[in-house]
Amino acid sequence: MALHNLALCLVIVSCFLVVICEGQSSVPVAPGLSYTFYSTSCPNLESIVRIHLLQVLENDTTQAAGLLRLHFHDCFVQGCDASVLLDGSTSGPSEQNAPPNLTLRQAAFKIINDIQTLIQGQCGQVVSCADVTALAARESVLLSGGPYYNIPLGRRDSPNFATTNVTLANLPPPTFNTSQLINLFSSKNLTTTDLVALSGGHTIGIGHCTSFTNRLYPTQDSNMDKTLANNLKLTCPASNTTNTTNLDLRTPNIFDNKYFVDLMNRQGLFTSDQDLYTDSRTKSIVQTFAVNQTLFFQNFIDGMIKMGQLGVLTGSQGQIRANCSATNANTMAFWSVFREQQQQGTSAQY
Ligand code: HEM
């Protein structure tokens with residue numbers, strides 16, 4: 001009950017923030033996107049997303065992390081076009097089957113589909129799955145204690161997904177050092193500050209042993225706090241165990257700046273995290289965010305708005321998917337086969 005009241009308060013406070021924070025980011029808006037895109041076609045869009053996520057997160061706060069990561073994995077591969085949501089097809093394995101996406105949460109895909117169904121019930125087929133994913137990430141940050149930020153909307157959904165090779169080339173592995181991360185991020189016009197701020201997304205969520213045992217076996221990374229290393233060895237007695245651990249040691253489910261405090265104490269989980277405090281180009285940014293949460297939040301917002309506009313499809317490009325897991329062509333093909341078989345009395349096999 002207390003949680004429910006807290007949730008209601010959050011809705012009220014955040015609705016208030018929607019008003020006062022409008023236009024807070026100076027990041028330019030990509031052509032075709034706008035802050036008022038659905039104000040006529042789906043005026044209740046943001047509250048539909050928020051109210052559904054309040055219910056979801058009330059049952060399991062950790063789902064917020066899965067939704068935030070989903071948006072990142074969508075945007076870095078082929079742009080924020082919901083391509084990561086597509087199931088595989090006869091044309092080959094989908095992005096979801098590529099190694100970095102195997103640890104995306106299945107629950108996150110379902111949550112996006114559920115929200116899309118709710119939206120269609122109220123507004124029809126007008127909101128893209130890419131926009132739903134961006135909004136779900138934004139609400140996840142807010143409902144985990146992070147900042148509210150307005151996001152430009154109007155993305156459209158891709159009719160196809162990327163190959164495994166393209167997916168692998170665009171998603172950084174946890175073994176990357178800062179130079180490799182800076183190169184990848186700058187290829188997407190994201191600055192070194194964006195890199196550090198967006199890495200702060202690791203203030204919530206979990207990692208599997210396979211993502212960090214390179215730092216434990218065969219030799220222990222000297223840049224990892226000894227107590228943390230000993231604890232991680234208990235969680236991951238071998239490099240291939242399927243166990244998980246929290247990314248942020250201090251406040252694992254709260255969106256705050258403690259991730260940067262972890263890094264300053266050599267308690268970052270991945271090489272890609274900890275190296276941000278070793279490399280001279282990023283160390284001072286980590287220190288600044290560790291002592292100034294407001295500054296971290298401001299830079300995180302700018303990074304998210306930039307990342308959220310990568311390679312967007314707009315206007316008449318792409319489509320608005322009815323079902324986020326399949327392109328409209330595939331959905332229609334499924335229904336026509338289903339209808340045909342029903343007419344022939346063979347639908348029982350479904
Ligand atoms: C900078 C490069 C990045 C690398 C190398 C990286 C890598 C990873 C890895 C390996 C995991 C854990 C996967 C697993 O073992 O289950 C993870 C989890 C996560 N990442 Fe990142 N990531 C990066 C950037 C980002 C960004 C930009 C965001 C969002 C702004 C983000 C948000 C998350 C979240 C929230 C989780 C936890 C997911 C969950 O609990 O299901 N990451 N990341």
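Phe185 is buried, with a relative accessible area of 5% (buried means under 20%, exposed over 50% and partly exposed in between, using a 1.4 Å probe and protein chains only). That residue belongs to a predicted model, in which local features need pLDDT of at least 70 and side-chain atom pairs count only at pLDDT 80 or more, while totals for chains, interfaces and linings use all residues. Residues are numbered from 1 along each chain as its sequence is written, and side-chain values use heavy atoms, with hydrogens and water left out. Here is a friendly tour, beginning with the whole chain and ending with some backbone details.

**The chain as a whole**

- The secondary structure comes to 14 helices and two strands; these are DSSP runs, numbered from the N terminus, with helices being H or I of at least four residues and strands E of at least two.
- Of the 350 residues in the chain, 51% are buried.
- Take the contacts between residues at least 6 apart in sequence: 76% of them join residues at least 24 apart. Contact here means heavy atoms within 4.5 Å.

**The largest pocket**

- The largest pocket holds about 1,000 Å³ of space. Its volume is the space filled by probe spheres set on grid points, which are joined across faces, edges and corners.
- A pocket is an open set of points on a 1 Å grid over the protein atoms alone, where a 1.4 Å probe fits, with protein on both sides within 12 Å along at least five of seven lines; lining residues have an atom within 4 Å of a point.
- There are 37 lining residues, and the closest to the pocket's centre are Arg69, Phe72, His73, His202 and Phe270.
- Two or more lining residues come from each of α3 (63-76), α7 (178-186), α8 (192-199), β1 (206-208), α11 (271-274) and α13 (293-307).
- Helix α3 gives the most to this lining, with six residues.
- By type, the lining divides into 22 nonpolar, 12 polar and three charged residues. Nonpolar covers Ala, Val, Leu, Ile, Met, Phe, Trp, Tyr, Cys and Pro; charged covers Asp, Glu, Lys and Arg; the others, Gly among them, count as polar.

**The iron site**

- The ligand's iron atom has a single donor from the protein, the NE2 atom of His202, 2.1 Å away. Donors are N, O and S atoms within 2.8 Å of the metal (3.2 Å for Na, K and Ca), and water is not among the atoms, so sites may look incomplete.
- His202 sits in the loop between α8 and β1.

**Helix α9 and its two sides**

- Leu228, Ala229 and Leu232 are the buried residues of α9 (residues 226-235). They share one side of the helix because they cover an arc of only 100 degrees around its axis, the arc being that of the directions from the helix axis to the C-beta atoms.
- In general, an α-helix has 3.6 residues a turn, so residues three or four places apart point the same way.
- Lys226 and Leu234, on the other side of α9, are exposed.
- Strand β2 (244-246) is included in what covers the buried residues of α9.

- Phe185 lies in helix α7. Apart from neighbours within four places in sequence, Phe185 is in contact with Phe76, Leu190, Leu195 and Leu198.
- Gly207 is part of strand β1 and is buried, with a relative accessible area of 4%.
- Not counting residues up to four places away in sequence, Gly207 touches Phe212, Asn243, Thr244, Thr245, Leu247 and Phe270.
- Gly207 and Asn246 are 39 residues apart along the chain, yet 6.4 Å separates their C-alpha atoms.
- Ser280 is found in helix α12 (residues 280-291) and counts as exposed, at 66% relative accessibility. Its C-alpha atom is separated by 9.7 Å from that of Thr178, 102 residues apart along the chain.

**Backbone details to look for**

- Tyr217 and Pro218 are joined by a cis peptide bond, with omega about -5 degrees. Pro218 is in the loop between β1 and α9.
- Asn189 is not a glycine, although its phi is positive, at about 60 degrees. Asn189 lies in the loop between α7 and α8 and is exposed, with a relative accessible area of 68%.
- Arg266 also has a positive phi without being a glycine, at about 55 degrees. Arg266 lies in the loop between α10 (258-264) and α11, and counts as partly exposed at 32% relative accessibility.
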